[in-house]
Amino acid sequence: MNFDIYDFSSFTKSIDEGLMASMSPFWAITIEMIIIGVLILGFYAVVGLYLVYAERKICAFMQCRVGPNRVGPYGFFQTIADLIKLLLKELIPIKNADKILFNIAPFIVIIASFMAIAAIPFAKGLHALDFNIGVLYVMAVSSMGVIGILLAGWSSNNKYSLIGAMRSGAQIVSYELSVGLSLITIVILAGSLQFSTIVEGQRNGWFIFTGHIPAIIAFLVFLVASTAETNRGPFDLAEAESELTAGFHTEYSGIKFAFFFLAEYMNMFIVASIAATVFLGGWMPFHIGGWEAFNGIMDYIPPFIWYIGKTAFVIFLMMWFKWTFPRLRIDQLLTLEWKYLLPINLFNIILMAFIVLMGWHF
Amino acid sequence: MKSIINYLAEIFRGVSALIKGMKVTGYYFIHPGEIVTQQYPENRKKLVMFERFKGEVVMIHNENNEHHCTACGICEMNCPNGSIEIISKTVTSEDGKKKKVLAHHIYHLGMCTFCNLCVKTCPSNALKMDQTFEHAVFDRTKLTKVLNRPGSVLMKGVDK
């Protein structure tokens with residue numbers, strides 16, 4: 001077993017071969033799936049908790065406050081304490097709620113984000129599912145989460161929940177278009193829907209630089225649309241605190257509420273990693289075509305660090321949006337999508353296709 | 001053509017307005033010196049409250065343990081929630097006159113809304129608002145306080 005921090009493919013391959021040699025392929029694949037599931041679950045929990053912490057700290061600094069600073073140094077264990085509290089809390093049964101749907105809803109939300117995270121390339125060789133339709137797959141499973149939100153609102157027997165869920169539905173139906181079209185812009189440039197090929201295609205420069213104007217427009221559109229898709233501020237109409245108490249999760253308590261809360265942050269993480277992978281090169285270090293010495297220095301930083309750094313940058317941008325802009329009204333939300341983002345996006349696709357056709361990209 | 005220019009100008013205006021907002025929050029984010037919250041238990045040694053802050057009602061005593069209260073009961077009458085009780089006693093002075101003096105000025109901190117009416121209406125300025133605020137106790141009866149110190153007497157010349 002040779003463990004290489006720059007290339008995990010031989011490491012994962014040796015585990016695979018070791019398991020295959022010692023048992024039948026069925027059990028080997030089952031055990032591999034369990035290992036990957038447990039690893040992703042652990043990663044999911046840790047990232048979710050620390051994104052909550054990061055969000056609280058960043059929002060505090062933007063509002064001239066200090067943020068959590070009592071539990072541990074700089075409040076570092078605050079979210080762990082919160083999680084323990086939520087685990088110990090009572091799950092309140094709701095009178096006249098649709099029991100089955102009410103209990104299923106948080107799991108659908110969690111499963112949707114859990115399935116999406118499997119297709120994300122974390123580093124070279126550290127990639128659970130590498131479909132040849134990876135981008136399409138992530139789009140499909142990540143938009144399943146809204147079914148959970150709709151079910152949660154519908155089954156709660158509460159008008160605030162229902163209004164929140166319906167708003168969320170309208171929002172996802174609109175903004176899914178922009179997310180998809182802005183990704184297709186880059187797919188035209190990359191010529192592939194497979195994440196590993198897309199990352200490999202950015203070896204001589206990230207797509208946001210090689211695709212210049214249309215790629216930058218697509219990146220900005222993707223940022224706006226994906227912020228809306230994850231139901232985060234300034235598009236958090238589904239849980240608008242000042243209007244709908246807590247929107248679709250008004251009636252949820254304890255760990256079921258924590259599932260929704262965690263899924264919101266993980267969706268943000270997934271969206272940010274897709275943006276980092278498709279536009280900013282994923283785990284690929286910062287390369288400039290032809291500058292061999294510079295590229296060599298950049299290669300010393302492990303790919304995982306590059307990936308985390310880019311994702312953190314996109315997440316920071318999304319948090320910056322949330323804590324700066326006021327919430328949109330529902331008609332403003334739909335106007336933004338159908339009158340501005342969609343026409344710009346369609347024009348942008350044509351522009352990108354033309355540039356690729358003429359070979360004007362780098 | 002004009003509508004297209006207007007459309008693009010509108011997008012440009014919108015984006016520049018958003019960037020202005022993000023500049024403000026971004027400035028605060030990279031300038032931790034702008035933080036205005038106070039770290040209370042750590043800074044309690046040098047914590048200075050604002051002048052207008054009203055913590056609790058106290059009675060002014062001078063160094064000879066003398067106060068200004070004539071036990072007239074105006075503060076008791078003016079208190080909107082009945083958090084003041086004046087208990088007076090009658091003493092005979094050396095020249096044989098009977099006189100009402102203060103025995104206990106009882107103040108229920110738990111009922112007080114810090115409206116400042118007792119301080120304002122006191123004809124002899126015997127009361128004032130103090131700035132202490134750490135009033136938490138485990139037993140509610142401890143919030144009932146006697147404002148005049150033990151053995152204190154009326155200052156000479158106040159009741160003339």
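Start by selecting helix 7 and helix 10 of chain A: the two pass each other in a left-handed crossing (left-handed if the near helix is turned anticlockwise from the far one by less than a right angle, right-handed if clockwise). Helices here are DSSP runs of H or I with at least four residues, numbered from the N terminus.

Before you go on, some housekeeping. This is a predicted model, so local features need pLDDT of at least 70 and side-chain atom pairs count only at pLDDT 80 or more, while totals for chains, interfaces and linings use all residues. Residues are numbered from 1 along each chain as its sequence is written, chains are lettered from A and ligands numbered from 1 in the order in which they are written, and side-chain values use heavy atoms, with hydrogens and water left out.

**Stop 1: helix 7 against helix 10**

Helix 7 of chain A covers residues 159–190, and its axis lies 8 Å from that of helix 10 of chain A, at an angle of about 155 degrees. That makes the pair roughly antiparallel (over 145 degrees; under 35 is roughly parallel, 65 to 115 roughly perpendicular, the rest oblique). Axes are lines fitted to C-alpha atoms, for helices over the stretch in contact, and angles run from 0 to 180 degrees between N-to-C directions.

For the contact (heavy atoms within 4.5 Å), show residues including A:I172, A:Y175 and A:V179 on helix 7, and A:A218, A:V221 and A:F222 among those on helix 10. The contact residues divide into twelve nonpolar, five polar and two charged. Ala, Val, Leu, Ile, Met, Phe, Trp, Tyr, Cys and Pro count as nonpolar, Asp, Glu, Lys and Arg as charged, and the others, Gly among them, as polar.

**Stop 2: the largest cavity**

Helices 5 (134–142), 6 (145–155), 7, 10 and 12 (254–278) of chain A each give two or more lining residues, with the largest share, seven, coming from helix 12.

On a 1 Å grid over the protein atoms alone, a cavity is a set of points where a 1.4 Å probe fits but cannot get out; a pocket is an open set with protein on both sides within 12 Å along at least five of seven lines, and lining residues have an atom within 4 Å of a point. Points are joined across faces, edges and corners, and a volume is the space filled by probe spheres set on them.

**Stop 3: the largest pocket**

Now bring in chain B. Select A:V224, A:L336, B:G14, B:V15 and B:L18, which lie nearest the centre of the largest pocket. The volume is about 1100 Å³. Which helix gives the largest share of the lining? Helix 1 of chain B, with seven residues. By class, the lining has 24 nonpolar, four polar and two charged residues.

**Stop 4: the second largest pocket**

Jump to A:T12, A:I36, A:G125, A:L126 and A:H127, nearest the centre of a pocket lined by 31 residues. This second largest pocket holds about 820 Å³ of space. Its lining divides into 20 nonpolar, five polar and six charged residues.

**Stop 5: helix 2 and helix 3**

Helix 2 of chain A supplies at least two residues of that lining. Follow helix 2 to helix 3 (residues 78–88) of chain A: their axes come within 8 Å and cross at roughly 120 degrees, which makes the pair oblique. This crossing is right-handed.
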